[in-house]
Amino acid sequence: MAAAGRQRLDKWLFFTRVVKSRSLAAKLAVSGRVRINRDKASQASDLVKAGDVLTITLERRILVWKVLDTGTRRGPAPEARTLYEDLSPAPSQAEIPDAQAPLREAGSGRPTKKERRITNRLLGRE
């Protein structure tokens, strides 16, 4: 039986909506992509408590969350946000120069593929 104030890692990840299912939470924990206070989580049954700092490596981002409370259910997102404090650094966005998209003369036809790529790159749509 778990100690009071502690909860299984896979349950906590599921309750905080990091993943869609508890089985995916267990796979995430076992894969070594979750750290509890800088130590790799080796099992889904590792226990977390209030005050622990979790580093979660997802596909395209890294989350650094401080555990504030253990959950009792997988509720709505606002309820899930009360279980952690987000300590993740702000995402670094490549600064877009103050250049405007190249203007084309009226009636010059559709832009070429190269021109569309340049426009998309300047507007940050890549």
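Start by selecting Arg-33 and everything it touches: leaving aside neighbours within four places in sequence, Arg-33 is in contact with Leu-28, Thr-55, Ile-56, Thr-57, Leu-58 and Glu-59 (contact means heavy atoms within 4.5 Å). Keep in mind that this is a predicted model, where local features need pLDDT of at least 70, side-chain atom pairs count only at pLDDT 80 or more, and totals for chains, interfaces and linings use all residues. Residues are numbered from 1 along each chain as its sequence is written, and side-chain values use heavy atoms, with hydrogens and water left out.

Stay on Arg-33 for a moment. Arg-33 sits in the loop between H2 and E2; helices (H or I, at least four residues) and strands (E, at least two) are DSSP runs, numbered from the N terminus. Draw a distance from its C-alpha to that of Thr-57: the two are 24 residues apart along the chain, and the separation is 5.2 Å. Arg-33 is partly exposed, with a relative accessible area of 36%. On that scale, buried means under 20% relative accessible area, exposed over 50%, and partly exposed in between, with a 1.4 Å probe and protein chains only.

**Next: strand E5**

Select residues 53–57, which make up strand E5. Which of its side chains are buried?

E5 is joined to E6 by five bridges, and the two run antiparallel. Two pairs to pick out are Thr-55, which stands opposite Val-64 in E6, and Thr-57, which stands opposite Ile-62 in E6. With E2, strand E5 pairs in the antiparallel sense over three bridges, and Arg-35 stands opposite Thr-55. Two strands count as paired if DSSP finds at least two bridges between them.

**Zoom out to the sheet**

Colour the whole sheet: five strands make an open sheet in the order E3-E2-E5-E6-E7, with antiparallel pairing. E3 (39–40) and E7 stand at the edges with a single partner strand each, so one side of each has no neighbour in the sheet.

Between E2 (34–36) and E3, click on the loop residue Asn-37. Asn-37 has a positive phi, near 50 degrees, in a residue other than glycine. Asn-37 is also partly exposed, at a relative accessible area of 36%.

**Over to the helices**

Another positive phi turns up at Arg-17, about 65 degrees, although Arg-17 is not a glycine. Find Arg-17 in the loop between H1 and H2; its relative accessible area is 38%, which makes Arg-17 partly exposed.

Move along to Arg-22 in helix H2 (residues 22–30). Not counting residues up to four places away in sequence, Arg-22 touches Arg-8, Asp-10, Lys-11 and Phe-14. From its C-alpha to that of Leu-9, 13 residues apart along the chain, the separation is 9.9 Å. Arg-22 is partly exposed too, with a relative accessible area of 34%.

**The largest pocket**

What lines the largest pocket? Select Thr-16, Arg-17, Val-18, Leu-58, Arg-61, Leu-63, Trp-65, Ala-77, Ala-80, Arg-81, Tyr-84 and Asp-86. The elements that give two or more residues to this lining are strand E6 (62–67), helix H3 (77–80) and strand E7 (84–86). The space inside is about 160 Å³. For the method: on a 1 Å grid over the protein atoms alone, a pocket is an open set of points where a 1.4 Å probe fits, with protein on both sides within 12 Å along at least five of seven lines, and lining residues have an atom within 4 Å of a point. The volume is the space filled by probe spheres set on the points, which are joined across faces, edges and corners.

**Last stop: the whole chain**

Switch to a cartoon of the chain and count four helices and seven strands. From the N terminus on, they run β-α-α-β-β-β-β-β-α-β-α. Buried residues make up 25% of the 126 residues. Among contacts between residues at least 6 apart in sequence, 41% join residues at least 24 apart.

Finish by colouring by pLDDT, the predictor's confidence in each residue from 0 to 100. The chain mean is 86, and 86% of residues reach 70 or more.
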